[in-house]
Amino acid sequence: MVFSMPSDVLNRFLKYVTIHTTSQEDVKTIPSTKRQFDLAEILVQEFKELGIVDITLTDKCYVIATIPSNLVEEEAKKVPVICFLAHLDTSPEEVGANVKPQLVKNYQGGNINLPGSTDLVISPEETPVLLKFVGSDIVTSDGTTLLGGDDKAGIAAIMASLAILRSNPEIKHGTLKIVFTPDEEVGRGVDGLDVASLSANYGYTIDGDEMGVLESETFNAAGGNIHITGFNCHPGYAKGKMINAIRILADIIQNFPINESPERTEAKEGYYHPYETYGSVNEVKLKFILRDFDYEELQAKIRRVEAFTDDIQQKYPESKIKLSIKESYKNMKYKIDEVPEIMEYAEEAIIRSGIPVIKKAIRGGTDGARLSYQGLPTPNIFSGALNFHSKKEFVPVIALEKSVETVINLIQIYVEKSLE
Ligand SMILES: [Zn+2]
């Protein structure tokens with residue numbers, strides 16, 4: 001690799017995290033918070049400084065830039081158009097205003113103290129992965145806010161990669177699309193994006209997780225609710241009349257297997273998760289979700305819920321129990337597997353960066369899942385951010401650098417493989 005490292009990724013990252021971009025749940029408009037434009041506008045300016053002219057900032061706060069190929073036209077046509085994505089917002093689960101990043105130089109093991117907090121430390125006991133980064137500089141917050149490495153580390157990695165391309169014109173690349181999205185953390189990151197108009201072949205989100213991580217799997221997901229109608233009357237004179245919906249709910253809850261719950265599963269295990277209920281004798285509502293990496297297994301879980309709801313309806317014929325279940329997203333693996341080179345090239349890019357590939361499955365949703373089903377197969381590459389959505393969030397600087405290196409390698413691998 002001949003390009004000049006280190007990149008300016010750390011400086012960019014330290015700048016982006018100070019900009020408050022927390023998104024908000026239960027807001028109908030996109031973006032959910034206007035403040036996300038503050039970072040979007042800075043990025044537009046930085047694209048211009050990098051000599052990129054084809055930039056759009058949409059009224060929904062999507063920043064979209066096109067970097068034309070620097071190959072001769074005949075060759076450029078053979079190289080797929082790759083889209084790199086990262087998200088502007090940070091999680092509403094933790095404070096994201098007034099982030100004051102702390103740079104811990106040459107971490108030597110042990111606890112990392114957070115200067116703004118007397119009771120929080122980042123410890124190897126709690127976060128063993130920290131010990132992989134002995135000798136690296138590490139960025140944390142001051143302990144009063146999250147850091148925002150999720151996903152400003154991803155944005156910084158992409159912008160630093162573009163800066164490298166600009167100062168190293170000998171690095172050949174196909175047409176590149178860059179998309180920065182709002183509202184990923186509230187599950188609406190692609191709601192306002194016209195995926196087809198990007199005319200990209202493959203996408204990669206650069207979002208979160210440990211150095212070396214490559215993710216192409218998400219759960220298959222379904223969600224539903226159960227509505228139980230009871231009948232209330234004076235409890236002193238209720239014999240033979242009252243139908244207590246709360247007692248019926250208790251029976252139903254028994255049937256969601258406890259060993260297949262979020263609190264008892266990990267890695268590739270699926271779960272049943274009743275997560276919200278409210279009600280009275282007269283009426284109870286229950287919301288639940290079902291998750292499984294295997295689509296057939298998800299179907300089996302759906303059938304199981306249908307079956308036990310049916311049984312309980314039989315047991316309480318005087319009540320009315322209404323079940324509805326809807327599938328919400330599908331494992332993106334099925335789409336990504338259709339084009340094996342997406343993962344092969346990404347793996348090779350990570351290996352060329354001199355680090356081992358860690359293949360993981362995402363136990364949650366990701367924009368990549370929805371993009372993959374809208375015609376843009378999109379796995380996720382690490383940005384290096386760890387402990388995200390927390391005041392104990394941190395980003396090892398080496399991981400930031402490796403994320404940049406991986407992006408540059410990937411861009412070159414697409415050129416090499418397409419022209420060979
Ligand atoms: Zn993220």
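**Figure 1. Domain layout of the predicted model.** Domain bounds come from an automatic or database domain assignment. For this protein chain, that assignment gives domain 1 (9-218 + 332-419) and domain 2 (220-329). The C-alpha centres of domain 1 and domain 2 lie 38 Å apart. Residues are numbered from 1 along each chain as its sequence is written. The model is predicted: local features need pLDDT of at least 70, side-chain atom pairs count only at pLDDT 80 or more, and totals for chains, interfaces and linings use all residues.

**Figure 2. Helix 1 against helix 10.** Helices (H or I, at least four residues) and strands (E, at least two) are DSSP runs, numbered from the N terminus. Helix 1 (residues 9-17) packs on helix 10 (residues 397-419) at about 110°, with the axes 10 Å apart. Axes are lines fitted to C-alpha atoms, for helices over the stretch in contact; angles run from 0 to 180 degrees between N-to-C directions. The two helices are therefore roughly perpendicular. Angles under 35 degrees count as roughly parallel, over 145 as roughly antiparallel, 65 to 115 as roughly perpendicular and the rest as oblique. From helix 1, Val9, Leu10 and Phe13 meet Val397, Leu400, Glu401 and Val404 of helix 10. Contact requires C-beta atoms, placed from the backbone, within 7 Å. By class, the residues of this contact are 6 nonpolar, no polar and 1 charged. Ala, Val, Leu, Ile, Met, Phe, Trp, Tyr, Cys and Pro count as nonpolar, Asp, Glu, Lys and Arg as charged, and the others, Gly among them, as polar.

**Figure 3. Helix 4 against helix 10.** Helix 4 (residues 149-167) packs on helix 10 at about 55°, with the axes 9 Å apart. That makes helix 4 oblique to helix 10. Ala153, Ala156, Ala157, Ile158, Ala160, Ser161 and Ile164 of helix 4 meet Leu400, Ser403, Val404, Val407 and Ile408 of helix 10. This contact has 10 nonpolar, 2 polar and no charged residues.

Figure 4. Two strands pair if DSSP finds at least two bridges between them. Strand 11 (residues 220-229) and strand 14 run antiparallel, joined by 9 bridges. Gly224 has Ile325 in strand 14 as its bridge partner.

How values were computed. Contact = placed C-beta atoms within 7 Å.
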